[in-house]
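Visitor: I am new to this structure and would like to learn how to read it. Could you walk me through it?

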Amino acid sequence: MKPTVKKAFFAFAVLIMSAGIYGGVIALANNYLRTHGMLTPTTKFIIGVALALGLILIYRWFSRQLDKISGQ
């Protein structure tokens, strides 16, 4: 494999792992709040916004990595 393909594959693997770990943390927080009766519409909205914002930031990092790789 070419070095650029290896770097792109590594960036994709980091994207999948980080999105999975972040999504898992959000799911655990949601489950904790639900089981303890603290999940209100406001906290549900905050969790949704945090999930969307985190995934957007992860995707932006991935896009920058691909731009760096393609620029080489």
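Guide: Let us go from the overall fold to single residues, keeping in mind that this is a predicted model.

Visitor: Which helices and strands does the protein chain have, and how many?

Guide: The protein chain has two helices and zero strands. Its radius of gyration is 16 Å, well over the 11 Å that the globule rule gives for 72 residues, so the chain is more spread out than a compact globule. Along the principal axes, the C-alpha atoms fill a box of roughly 50 × 15 × 5 Å.

Visitor: Which residues of α2 are buried?

Guide: Buried means under 20% relative accessible area. In α2, that holds for I47, G54, I58, F62 and I69. Helix α1 is included in what covers them. Across the protein chain, buried residues make up 12% of the 72 residues.

Visitor: Is M17 buried or exposed?

Guide: M17 lies in helix α1 (residues 3-35). The cut-off for exposed is over 50%, so M17, at 54% relative accessibility, counts as exposed. Together with I21 and V25, M17 forms a nonpolar surface patch with about 320 Å² of accessible area.

Visitor: And what about G20?

Guide: G20, also found in helix α1, is partly exposed, with a relative accessible area of 47%.

Terms used. Residues numbered from 1 in each chain as written. Predicted model: local features only at pLDDT ≥ 70, side-chain atom pairs only at ≥ 80, totals over all residues. Heavy atoms only, no water. Patch = residues over 30% accessible without salt bridge, like charges linked within 9 Å, V, L, I, M, F, W, Y side chains within 5 Å. Areas by Shrake-Rupley, 256 points an atom, 1.4 Å probe, with all protein chains shown as cover. Salt bridge = Lys/Arg side-chain N within 4 Å of Asp/Glu carboxyl O. Helix = DSSP H or I, 4+ residues; strand = E, 2+ residues; numbered from the N terminus. Buried < 20%, exposed > 50% of the residue type's maximum accessible area, 1.4 Å probe, protein only. Contact = heavy atoms within 4.5 Å. Rg over C-alpha atoms; globule rule 2.2 N^0.38 Å.
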